[in-house]
Amino acid sequence: MEALFGFVATNRRSPQRNHNNPNGASSSQSAQIFILDSRKSQNTAIVLRSLAISRKEILNALIEGQDLNADTLEKLTKIAPTKEEESQILAFKGDPTRLADAESFLYHILKAVPSAFDRLSAMFFRLNYDSEILHLRECLQTLELGCKELRTRGLFLKLLEAILKAGNRMNAGTSRGNAQAFNLAALQKLSDVKSTDGKTTLLHFVVEEVVRSEGKRCVLNRNRSLSRSSSQSSSNSSLYSENSTSREDREKEYIMIGLPVVGGLSAEFSNVKKAAVIDYNAFAGVCSTLTAHSTEIKQFVAQFANSDGGFLRKMKSFLKASDEELREVREEQTRVMELVRRTTEYYQPRSSKNKEASPVQLFVIVKNFLGMVDQVCVDIARNLQRRKTTTASLGSSTKSPPSRIPVKFPNLPPNFMSDKSRNSSSSDSEDEF
């Protein structure tokens with residue numbers, strides 16, 4: 001209790017009452033002089049009792065610039081008096097020993113160092129500066145790496161191309177049937193487009209086809225590699241792929257091989273997912289806030305140009321280094337945000353004209369889409385395992401399951417596809433579905 005709340009029990013017995021005082025207040029307590037508002041005086045006293053540091057140590061820190069811990073500095077800045085309260089305390093001409101705890105502390109501190117709380121605020125800023133600037137640099141690095149991931153991941157672009165082809169095929173014969181692009185915001189609608197029998201969604205269909213395509217590509221590359229190493233191996237692999245397995249078994253093999261490829265896509269976009277959770281408004285204001293506070297402290301220090309002391313020397317050295325660092329960070333922020341804008345334009349031309357949209361909206365869309373793809377891959381793996389279990393329980397005498405029945409979807413909802421794009425879709429690959 002004493003350590004946490006500053007309660008000091010001087011005697012186990014209750015203090016003797018002053019019988020002449022109807023309120024029962026002790027004579028020493030009634031003699032105390034309060035200058036601050038009673039509630040603020042009480043709260044300030046509580047904070048002071050919680051400090052694990054003496055008044056002398058605080059004065060040394062204010063004059064010589066000795067470092068104080070963050071907790072102490074934060075508490076001291078919170079009890080800073082207003083300018084009016086400062087004037088009232090400094091104007092006190094009575095006996096300082098009669099001042100209440102809070103007023104006594106403020107009186108002695110302000111008498112020794114009139115700018116005490118401005119100095120404490122500057123020291124608190126200097127203490128937090130490194131962590132603030134480090135967080136800002138980490139955010140900039142995350143955004144830059146996120147842009148790089150979005151521009152270099154071929155499998156992600158394959159998924160988008162597959163969605164575009166699916167949309168064009170479903171909308172064939174309509175005004176939206178030959179689109180060159182689509183709005184990425186529509187990615188979240190893929191789960192809403194269900195097949196005519198209601199058993200699957202367009203997202204499941206597209207992801208499974210890309211999984212199959214990637215698995216087939218891996219098998220073909222493996223066979224080509226074997227054929228180059230040995231002609232005998234080539235004939236064996238050809239015999240395996242064409243004769244030894246049925247079409248259904250090959251399809252299962254493609255899915256089993258392609259599933260880890262597509263399922264691992266999300267892990268390759270780690271910085272995109274980090275960028276999606278950045279509070280852009282807070283991030284964008286950090287540099288300007290640090291610059292503004294640095295300017296205020298610089299103006300404050302300039303008032304003591306002819307003075308000397310450890311505090312002023314340390315603060316001037318800090319301001320000189322921080323000015324240069326903040327200039328570099330501002331330039332870096334401008335460069336990275338331009339990269340974010342170009343990356344967004346790469347995927348969604350003219351989207352930067354929407355002033356209401358967050359500059360990091362692209363990362364949010366991609367993060368949500370990758371989460372949906374991850375869930376689909378989990379569903380595909382479960383269905384594959386379920387089919388394996390069912391086949392094994394039926395025994396070898398059971399006929400092979402029939403070939404996959406083509407899935408039919410209704411036309412996509414209006415405005416799903418867009419034919420306004422700077423880039424046309426790439427040509428069909430040999431593995432197109």
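A salt bridge is a side-chain nitrogen of Lys or Arg within 4 Å of a carboxyl oxygen of Asp or Glu. The model is predicted, so local features need pLDDT of at least 70 and side-chain atom pairs count only at pLDDT 80 or more, while totals for chains, interfaces and linings use all residues. Residues are numbered from 1 along each chain as its sequence is written, and side-chain values use heavy atoms, with hydrogens and water left out.

**Exercise 1. State how many salt bridges the rule gives, and name the residues of one network.**

Step 1. Applying the rule gives 18 salt bridges.
Step 2. Glu144, Glu332 and Arg335 are joined in a network of salt bridges.

**Exercise 2. Locate the partners of the Asp67 and Arg126 salt bridge and classify each as buried or exposed.**

Step 1. The closest N and O atoms of Asp67 and Arg126 are 3.1 Å apart.
Step 2. Asp67 is in the loop between α4 (55-64) and α5 (70-78), and Arg126 is in helix α8 (residues 116-152), so the pair ties together parts 59 residues apart in sequence. Helices are DSSP runs (H or I, at least four residues), numbered from the N terminus.
Step 3. Buried means under 20% relative accessible area, exposed over 50%, and partly exposed in between (1.4 Å probe, protein chains only). Asp67, at 61%, is exposed, whereas Arg126, at 15%, is buried.

**Exercise 3. Describe the placement of the salt bridges Glu74 to Lys78 and Arg222 to Glu253.**

Step 1. Glu74 and Lys78 meet at 3.6 Å, N to O. Both lie in helix α5, four residues apart, about one turn of the helix.
Step 2. Glu74 has 34% relative accessibility and is partly exposed; Lys78, at 64%, is exposed.
Step 3. For Arg222 and Glu253 the N to O distance is 3.3 Å. This pair links distant parts of the chain, with Arg222 in helix α10 (residues 202-229) and Glu253 in helix α12 (residues 247-263), 31 residues apart.
Step 4. Arg222 is partly exposed at 36%, and Glu253 is buried at 15%.

**Exercise 4. Determine which residues of helix α6 are buried, and what they pack against.**

Step 1. In α6 (residues 83-90), the buried residues are Glu85, Glu86 and Ile89.
Step 2. These residues lie on the same side of α6 because they cover an arc of only 105 degrees around the axis, taken from the directions from the helix axis to the C-beta atoms.
Step 3. Exposed Lys83 and Glu84 are on the face of α6 turned away from its buried side.
Step 4. The buried residues of α6 pack against α3 (38-50) and α7 (101-112), where contact means heavy atoms within 4.5 Å.

Key. Helices (H or I, at least four residues) and strands (E, at least two) are DSSP runs, numbered from the N terminus.
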